[in-house]
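Me: I have a model open and want to learn how to read its features. Can you take me through them?

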Amino acid sequence: MAKASAKPASRAQACQEGFRKAVTQALEDPACYQPGLRALAKGARKHVDATRVHLAGSVALDDCVASREPRASRWDYLVGACQEQERCLYGIEVHQVDARALANKLAWVKTWLQRHGRPLLRWARGKVVYYLVPTPRGSARAAEVRRLAQLGLRIARRVSLTCPPEATRRQA
Amino acid sequence: MSTGTRLRLHVESLALIARATLTLGDLTVFVGPQATGKSLLLQAFKLLLDSAAIQQRFRQYGWAAEDDPRLFAHAYFGEGYADLLSPTTQVSLNGQAVGLATLLHPKARGEEERVFYIPAQRALIFQHVSWPRPFSDFRLGDPFVVRAFSEHIRTYLEAQDVGPEAGVLFPHARRLRACLRDRLASRLLRGTQLTIVREMGQKRLMLEIPGGARLPYLSWSTGQREFIPVLLGSYWLSGRGSHRAVDWIIAEELELGLHPQALADTLLLVLDWLQQGYRVLLSTHSADVLEMVWALSHIRRCAQRDPEQARQGLRLLFDLPPSQGTWLEAIWTKTVYVYYFAPLGHRVAIHDISNLDAWDEDPAVAEWGYLTQFADRATRVVALMAESCGEVLAHGEG
């Protein structure tokens with residue numbers, strides 16, 4: 001009985017531990033890793049639904065690299081999640097719908113992951129899903145929204161974390 | 001019928017179009033404001049491919065005007081278009097010029113039609129008895145494509161064996177692909193059956209609602225009046241071996257009367273035509289049609305790297321369950337073009353906006369021939385009001 005209940009718990013633990021190690025290796029600062037959604041500002045946290053996954057942890061990427069890249073168009077957050085054998089990395093940005101600004105941010109985070117975040121990419125087996133949580137300012141014009149889609153950026157007022165991510169899940 | 005092919009169409013001096021060259025693919029879509037010549041160009045294209053069959057149809061009903069271009073234009077394009085064809089009108093296909101004389105005096109006689117045309121006026125084909133009008137029932141000066149479409153549907157319906165009282169046309173196990181049929185039956189016709197009823201020897205096309213009541217054409221919803229002729233057109237195309245020459249389908253404004261969800265289901269029918277090998281020309285005022293083209297172009301690109309992901313994209317786009325939709329994969333090999341008919345004073349310029357790239361510098365491309373312009377303006381106004389008047393709307397924040 002004890003053995004059966006220990007298995008999922010150890011899996012969740014392994015999930016968190018793996019993500020924590022990857023974050024620490026990538027950012028060279030153990031404080032950048034935060035359990036659950038704690039790295040997210042309160043206002044951002046309520047836009048994330050993590051009820052269907054084990055949270056591996058989160059990183060406030062913007063804050064963590066601000067001193068090293070003060071002028072960059074930095075990306076807000078990375079969130080790790082696990083479910084069964086799957087591991088998923090979510091990039092979440094809270095911003096107004098501004099395709100050009102978001103294109104720069106997305107390009108920055110992708111480059112950062114390639115240059116510094118390889119441990120995170122390895123942990124997620126290469127797959128990252130990017131979400132924009134739009135703020136009320138600005139106008140979500142149809143063409144702007146289409147621009148974001150062409151960049152591979154999903155838009156949601158509430159990001160529902162699943163692993164594998166929704167709509168990329170292989171169907172039988 | 002070949003796929004992945006392109007046809008070069010060049011026109012000069014046709015209505016407001018001074019000169020234009022277009023590449024027509026397996027699927028080609030025309031967008032643009034009213035009265036910019038989309039329909040006239042589509043009709044001219046049919047005339048180009050089917051001039052012999054068109055002349056034959058007119059002669060069959062005792063009418064000919066080979067020596068009078070004005071009268072012919074009146075009869076073919078419709079009343080008010082007598083001056084549409086001029087001595088300077090030029091059309092060419094893949095570089096082969098066809099002059100007015102050839103259109104009016106085609107060398108070949110008795111050729112079968114290559115272009116099946118579903119006109120925007122399709123709801124007008126029904127008589128008050130809920131049956132399509134014969135070709136000869138229309139006036140000279142009613143557009144040929146409307147008269148011909150009505151005649152095709154009428155002859156198709158006349159040929160159906162409906163038994164002594166009634167016969168169900170839709171849903172019918174042997175017509176349309178099952179997943180398409182089920183989708184249209186449940187979401188577009190809402191469980192009603194399209195039925196041919198015999199009443200005192202007179203055939204009528206009725207919608208039978210669950211419970212047994214029968215609705216004649218005038219009692220159908222607007223969407224049903226617009227969609228059912230399209231459905232019957234699809235039936236005509238699959239009629240027994242008689243239309244083998246048809247390789248082009250022109251469908252005008254499929255969105256008429258339809259809720260966007262019903263339009264998405266109708267677009268599945270268009271993809272079925274493409275899958276069967278037909279080349280399709282659409283004219284539209286609906287951004288949803290371009291949404292489909294845009295999504296399909298990205299799915300096609302993805303298919304080269306990750307076919308399974310592309311399959312999933314197709315299913316997601318059309319809300320199909322995992323067991324369905326493999327037939328849609330045929331669209332991966334199809335060529336697609338989109339043209340914007342831009343009014344410029346008294347002239348019209350035709351722009352290729354096929355890439356539909358939202359990042360394109362040209363707003364005609366990024367905003368899809370300005371189809372989304374009003375929606376964008378409304379969004380800007382709401383944002384401006386919210387910012388200026390401190391009216392922050394609820395966003396589900398606690």
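Reply: First, the ground rules. This is a predicted model, in which local features need pLDDT of at least 70 and side-chain atom pairs count only at pLDDT 80 or more, while totals for chains, interfaces and linings use all residues. Residues are numbered from 1 along each chain as its sequence is written, and chains are lettered from A and ligands numbered from 1 in the order in which they are written.

Me: What is the secondary structure of chain A?

Reply: Helices (H or I, at least four residues) and strands (E, at least two) are DSSP runs, numbered from the N terminus. Chain A has six helices and seven strands. Their order from the N terminus is α-α-β-β-α-β-β-α-α-β-α-β-β.

Me: How much of chain A is buried?

Reply: Burial is a neighbour count. A residue is buried if 20 or more other C-beta atoms lie within 10 Å of its own, exposed if 12 or fewer, and partly exposed in between, with C-beta atoms placed from the backbone. In chain A, 41% of the 172 residues are buried. Contacts are a separate count: two residues touch if their C-beta atoms, placed from the backbone, lie within 7 Å. Of the chain A contacts between residues at least 6 apart in sequence, 65% join residues at least 24 apart.

Me: Which residues of helix H5 of chain B are buried?

Reply: Start with the general idea. An α-helix has 3.6 residues a turn, so residues three or four places apart point the same way. In H5(B), residues 178–188, the buried ones are Arg183(B), Leu184(B) and Leu188(B). Viewed down the axis of H5(B), they fall within an arc of 95°, so they line one face of the helix. That arc is taken from the directions from the helix axis to the C-beta atoms. Ala178(B) and Ser186(B) are exposed on the other side of H5(B).

Me: What do the buried residues of H5(B) pack against?

Reply: Their partners are H6 (222–237) and H7 (260–275) of chain B.

Me: At what angle do H4(B) and H6(B) pack?

Reply: Axes are lines fitted to C-alpha atoms, for helices over the stretch in contact, and angles run from 0 to 180 degrees between N-to-C directions. Under 35 degrees counts as roughly parallel, over 145 as roughly antiparallel, 65 to 115 as roughly perpendicular, and the rest as oblique. H4(B), residues 144–158, packs on H6(B) at about 65°, with the axes 10 Å apart. The two helices are therefore roughly perpendicular. In this contact, His152(B), Ile153(B) and Tyr156(B) of H4(B) meet Pro229(B), Leu232(B), Gly233(B), Tyr235(B) and Trp236(B) of H6(B). By class, that contact has six nonpolar, two polar and no charged residues. Ala, Val, Leu, Ile, Met, Phe, Trp, Tyr, Cys and Pro count as nonpolar, Asp, Glu, Lys and Arg as charged, and the others, Gly among them, as polar.

Me: How are H7(B) and H8(B) placed: oblique or perpendicular?

Reply: H8(B) covers residues 287–305, and it packs with H7(B) at about 45°, axes 10 Å apart. H7(B) and H8(B) are therefore oblique to each other. Pro260(B), Leu263(B), Ala264(B) and Leu267(B) of H7(B) meet Asp288(B), Val289(B) and Met292(B) of H8(B). The residues of this contact divide into six nonpolar, no polar and one charged.

Me: Which residues does a cis peptide bond join in chain B?

Reply: Phe170(B) and Pro171(B), with omega about -5°. Pro171(B) is in the loop between E7 (166–170) and H5 of chain B. In chain A, the bond from Cys163(A) to Pro164(A) is cis, with omega near 5°. Pro164(A) falls in the segment after E7 (159–160) of chain A.
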